[in-house]
Amino acid sequence: MNIRRFDSVWDALEETPQEAANMKLRAQLMRQLKEHLDRTAMTQADAAVMFGVTQPRVSDLKRGKVNLFGLDALVNMAAAAGLHVELRVLDLV
């Protein structure tokens, strides 16, 4: 039996390194947004108004449905929440 080890669950689940990198960023943004909403005790209805989306969309966010959100939408939500988003690109070679 050949056991493979991965640095991230996304590396194991996604077919390409590019897809895994995208999912890692999306998951991280979603975690930060959820933590922000929990920390501020904001209702889903209030968050929906702030983000310019529907309340069910905020519910999807809080439930971690990462496959339903693109990076651009998550960055826009973070900016609307007053969060600062930075992206670092590192050369792995």
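This is a predicted model: local features need pLDDT of at least 70, side-chain atom pairs count only at pLDDT 80 or more; totals for chains, interfaces and linings use all residues.
Helix 2, which spans residues 17-40, packs against helix 5, residues 71-80, at an angle of about 25 degrees, and the axes of the two helices lie 10 Å apart. Because angles under 35 degrees count as roughly parallel, helix 2 and helix 5 are described as roughly parallel to each other. The crossing of this pair, helix 2 with helix 5, is left-handed. On the side of helix 2 the contact is formed by Asn22, Leu25, Arg26, Leu29, Met30 and Leu33, which meet Leu71, Leu74, Val75, Met77 and Ala78 in helix 5. Sorted by class, the residues in this contact of helix 2 with helix 5 comprise 9 nonpolar, 1 polar and 1 charged. In general, an α-helix has 3.6 residues a turn, so that residues three or four places apart point the same way.

Arg26, a residue of helix 2, is among those that meet helix 5. With a relative accessibility of 12%, Arg26 counts as buried, because the cut-off for that class is under 20%. The side chain of Arg26 reaches the backbone oxygen of Val66 at a distance of 2.9 Å.

The packing of helix 2 against helix 4 has another geometry, with an angle of about 110 degrees and axes 9 Å apart. Helix 2 and helix 4 are therefore roughly perpendicular to each other. In this contact, Met30, Leu33, Lys34, Leu37 and Asp38 in helix 2 meet Val58, Asp60, Leu61 and Lys62 in helix 4. By class, the contact of helix 2 with helix 4 has 5 nonpolar, no polar and 4 charged residues.

Within helix 4, which covers residues 55-62, the buried residues are Val58, Ser59, Asp60 and Leu61. The elements that cover these buried residues include helix 2, helix 3 (44-51) and helix 5. Just after helix 4, Gly64 adopts a positive phi of about 75 degrees.

Definitions and conventions
Residues are numbered from 1 along each chain as its sequence is written. Side-chain values use heavy atoms; hydrogens and water are left out. Axes are lines fitted to C-alpha atoms, for helices over the stretch in contact, and angles run from 0 to 180 degrees between N-to-C directions. Helices (H or I, at least four residues) and strands (E, at least two) are DSSP runs, numbered from the N terminus. Angles under 35 degrees count as roughly parallel, over 145 as roughly antiparallel, 65 to 115 as roughly perpendicular and the rest as oblique. A crossing is left-handed if the near helix is turned anticlockwise from the far one by less than a right angle, and right-handed if clockwise. Contact means heavy atoms within 4.5 Å. Ala, Val, Leu, Ile, Met, Phe, Trp, Tyr, Cys and Pro count as nonpolar, Asp, Glu, Lys and Arg as charged, and the others, Gly among them, as polar. Buried means under 20% relative accessible area, exposed over 50%, partly exposed in between (1.4 Å probe, protein chains only). A polar contact is a pair of N or O atoms within 3.5 Å; within protein, one must be able to donate a hydrogen and the other to accept it, and residues adjacent in sequence count only if both atoms are side-chain atoms.
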